[in-house]
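Reader: I have a new model open on my screen and would like to learn how to read it. Could you walk me through its features, starting with how a charged pair is judged?

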Amino acid sequence: MNGPPHHSPLAVAVAFAVLFGNEPVSLVRAVTVPDSIDHAIVMEARLPRVLLGAVAGGGLALVGVAFQSILRNPLAEPYVLGVSGGAAVGATAAILVGLTGATVYGASLVPLAALAGGLGATAIVYSLARSGGRMTGTSMLLAGVVVNAIASAAITFAKTLISASQAQELLTWLMGFLDVPSRLSLGFVSLYVALGAAVLLRDAARFNLLALGSEGAAHLGVDVGALERRTFLACSCVVGAIVSVTGLIGFVGLVVPHALRRVFGPDVRALLPASLFGGAAMLVSCDLFSRLLFRWLHTEPPVGAVTALVGGPVFLAILAKKGPCR
């Protein structure tokens, strides 16, 4: 469980993300002059956005570790398994019927709809993967591909029922973005992520025992079925809340655990907290890179595109190295 401090890369990423962006600012003026434009940019725009990126990135990486542990498959992550797609369908439906807004209900119902969508997708993937009597990593991944295809078709159909401006807004959201969240939205997504993270961190030792196989873990006192259900529920809670605020951001749950496993080893008790901080640092850094690109592109690429450009090749490299997963 030895390794470098978990929080150091995150602290550096947060510091750079707050200091740099589309417009140069003075940190001294931001802190000492409440009425200055520097204060408004740093405290009211950049800091909430950075906090959202840290919460979302940490949650997605944590879920990635949990999925890879429960399925014993290094390719498992919410984007690949269809959980993000199901959550996107739920959030899309909530947005299309007007459940967003500045009210408490608007801030809470969209995550609930995304949670329902994520739970529905998880239930379908879980049922399909167990249809042969025994769940395997390959069957879970294939089921996730199917559910993602269905979710994509449902969202495409929904886009035909709305105006062009709404369709463009929905498309931007589906590509994954980080924007300045309201305090209510940031509070709700942080609450959902914290609850899900508490469940996963509590089960870290049980995840380690799963490396012995389901039968071996059961002999050591682990209720494997209950652990699977609890993990999928907690992961759906985390992913649903994140997707409802940020849209679809993929591959954070794949890249971060895979990279940190080389540093901290396979011990999930160390890997979970390390991935929580590492995922936060990765997404905050990717969002900073996206914002800095505005100076050259005169437009801000969605952060989901940046994480996909990083994570896609890593996914293919892992797939090529591991071969068919069992």
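Author: Happy to. At 15% relative accessibility, aspartate 267 counts as buried, where buried means under 20% relative accessible area, exposed over 50%, and partly exposed in between (1.4 Å probe, protein chains only). Its partner in a salt bridge is arginine 269, at 3.0 Å from N to O; arginine 269, at 44% relative accessibility, counts as partly exposed. A salt bridge here is a side-chain nitrogen of Lys or Arg within 4 Å of a carboxyl oxygen of Asp or Glu.

Reader: What should I keep in mind about the model itself?

Author: It is a predicted model, in which local features need pLDDT of at least 70 and side-chain atom pairs count only at pLDDT 80 or more, while totals for chains, interfaces and linings use all residues. Residues are numbered from 1 along each chain as its sequence is written, and side-chain values use heavy atoms, with hydrogens and water left out.

Reader: How many salt bridges does the rule give?

Author: First the general idea: side chains of opposite charge can pair when their charged atoms come close. In this model the count is seven salt bridges. Aspartate 287 pairs with arginine 49, their closest N and O atoms being 2.7 Å apart. Aspartate 287 lies in helix α14 (residues 268-292) and arginine 49 in helix α3, so this pair ties together parts that are 238 residues apart in sequence. Helices are DSSP runs (H or I, at least four residues), numbered from the N terminus. Aspartate 287 is buried at 3% relative accessible area, and arginine 49 is buried at 10%. A network of salt bridges links Arg49, Asp287, Arg291 and Glu300.

Reader: Is aspartate 203 buried or exposed?

Author: Aspartate 203 is buried, with a relative accessible area of 0%. It forms a salt bridge with arginine 206, again with closest N and O atoms 2.7 Å apart, and arginine 206 is partly exposed at 35%.

Reader: How do I read a nonpolar core?

Author: In soluble globular proteins, nonpolar side chains tend to be buried together. A nonpolar core is a set of buried Ala, Val, Leu, Ile, Met, Phe, Trp, Tyr and Cys residues joined through side-chain atoms within 4.5 Å. The largest one here has 83 residues, and those with the most contacts inside it are Phe67, Ile70, Leu81, Val189 and Phe207. Helix α12 gives the most to this core, with twelve residues. A second, separate core of 13 residues includes Leu10, Val42, Ala280 and Val284.

Reader: And how do I check the length of a helix?

Author: The expected span is 1.5 Å times one less than the number of residues. For the 14 residues of helix α5 (residues 83-96) that gives 20 Å, and the end C-alpha atoms are 20 Å apart, which agrees. Ten of the 14 residues of α5 are buried, among them Val83, Gly90 and Ala94.

Notes
Helices (H or I, at least four residues) and strands (E, at least two) are DSSP runs, numbered from the N terminus.
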